[in-house]
Amino acid sequence: MSADHGHGHGHTVSVRADRKLLSGALALIVGFMIAEVIVGFAAGSLALVTDAAHMLTDAIALALALLAIRLAAKPPAGGFTYGFKRVEILSAQANGITLLLLAAYFVFEAVNRMIHPPEVKGALVLIAGVVGIVVNLFATWLISKANRTSLNVEGAFQHILNDLFAFIATAIAGLVVLLTGFARADAIAALVVAVLMLKAGISLVRASGRIFLEAAPSAIDPQALGAELCAIEGVVEVHDLHVWEITSGEPAASAHILVAEGLDCHQIRIQIEQVLAERHHLTHSTLQVDHATGGTHCSDAHGAVHRSSITDAGRAPDPASPAH
């Protein structure tokens with residue numbers, strides 16, 4: 001029997017660089033958020049208040065991202081055999097849920113203002129919107145240079161990017177109010193922001209949920225992978241095949257492999273690892289490789305059993321059949 005475990009991970013941007021970039025964006029967001037709250041109430045603009053609330057979630061998202069990066073860097077210890085890598089996914093899911101809740105609230109407020117439009121000072125809304133565009137452009141540029149393969153960083157990026165679009169809508173609304181006096185433009189801008197928040201929130205919750213449920217990465221089909229491994233010469237059966245993500249950008253796989261009698265288990269394991277790494281970027285794998293002696297290897301296999309197209313008995317396999 002042979003069991004092996006190998007992995008290798010790398011990022012194009014260092015953790016220290018990520019912290020610096022996210023910290024710079026956080027300082028920009030917090031500073032402008034305070035100013036926007038003041039201007040929003042002075043102008044009577046729901047769009048500006050909506051933007052300010054969104055910027056508060058941006059600030060929280062960035063703070064959580066920075067905390068998650070720090071915790072994820074801690075080495076495995078005690079019962080936390082993967083360390084705290086999934087703190088990043090908790091942060092991403094919190095960001096997504098926050099976006100969904102805020103979107104629902106601002107849809108309600110916007111509809112209410114469409115029915116009963118208050119007085120809106122278009123000039124203040126326009127000025128704040130334009131300044132907000134500049135601030136968010138710089139913040140978006142900073143975070144875009146960070147490692148966005150991390151769902152945690154991507155969550156923070158989506159917050160800032162949505163805020164950029166929100167400020168564009170707000171500036172347009174301010175210009176419309178200023179030129180035409182159409183106060184409902186402010187509420188329409190708030191609705192646009194809410195729709196963008198809803199879209200980003202659903203995406204983050206779905207992606208983080210897949211990782212929490214240990215689903216296979218979207219780019220990998222476990223059924224096709226099992227068949228592919230069975231096509232390797234000498235492999236008789238593959239069962240207990242699991243593919244999941246430890247955290248975003250770190251896929252992992254494990255499997256029990258049965259090989260024909262008389263073959264070198266270690267050599268076949270190396271071939272399988274090469275297939276996993278080179279074709280599917282699965283560099284973090286744990287494989288148990290045994291000879292197919294006809295005995296019971298796994299009394300409680302999970303998932304489908306994959307068999308070679310030619311078995312020792314010379315018959316076609318039944319992919320739906322249970323393990324030994």
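This report looks at confidence, an aromatic pair, a helix packing and one glycine in a predicted model.

## Confidence in the model

The protein chain has an average pLDDT of 80. A score of at least 70 is reached by 86% of the residues.

Over residues 4-13, pLDDT stays under 50. The model has 23 contacts beyond four places in sequence for residues 4-13. Over residues 312-324, pLDDT also stays under 50. For residues 312-324, the model has 23 contacts beyond four places in sequence.

## Aromatic pairs

How many aromatic pairs are there? The count comes to 4.

Where do Phe32 and Phe167 lie? Phe32 is in helix α1, residues 15-43. Phe167 is in helix α5, residues 151-180. The pair therefore ties together parts that are 135 residues apart in sequence.

Are these residues buried or exposed? Buried means under 20% relative accessible area. Phe32 has 11% relative accessibility, so Phe32 counts as buried. Phe167 has 0%, so Phe167 counts as buried too.

## Helices α2 and α3

Helix α2 covers residues 46-72, and helix α3 covers residues 87-115. The two pack at an angle of about 175 degrees. Their axes are 9 Å apart. Angles over 145 degrees count as roughly antiparallel, so α2 and α3 are roughly antiparallel to each other.

Which residues make the contact? From α2 they include Leu46, Ala53, His54, Leu64 and Ile69. From α3 they include Val87, Ser91, Leu99, Phe106 and Arg113. The residues of this contact divide into 15 nonpolar, 6 polar and 3 charged.

## Gly96 in helix α3

Helix α3 also holds Gly96. Its relative accessibility is 0%, so Gly96 counts as buried.

What does Gly96 touch, leaving aside its neighbours within four places in sequence? Gly96 is in contact with Gly201, Leu204 and Val205. Now take His159. Gly96 and His159 are 63 residues apart in sequence. In space they are 9.0 Å apart, C-alpha to C-alpha.

Methods. Residues are numbered from 1 along each chain as its sequence is written. This is a predicted model: local features need pLDDT of at least 70, side-chain atom pairs count only at pLDDT 80 or more; totals for chains, interfaces and linings use all residues. Side-chain values use heavy atoms; hydrogens and water are left out. pLDDT is the predictor's confidence in each residue, from 0 to 100. Contact means heavy atoms within 4.5 Å. Rings of Phe, Tyr and Trp (its six-membered ring) pair if their centres lie within 6.5 Å; planes under 30 degrees apart count as stacked, over 60 as edge-to-face and the rest as tilted. Helices (H or I, at least four residues) and strands (E, at least two) are DSSP runs, numbered from the N terminus. Buried means under 20% relative accessible area, exposed over 50%, partly exposed in between (1.4 Å probe, protein chains only). Axes are lines fitted to C-alpha atoms, for helices over the stretch in contact, and angles run from 0 to 180 degrees between N-to-C directions. Angles under 35 degrees count as roughly parallel, over 145 as roughly antiparallel, 65 to 115 as roughly perpendicular and the rest as oblique. Ala, Val, Leu, Ile, Met, Phe, Trp, Tyr, Cys and Pro count as nonpolar, Asp, Glu, Lys and Arg as charged, and the others, Gly among them, as polar.
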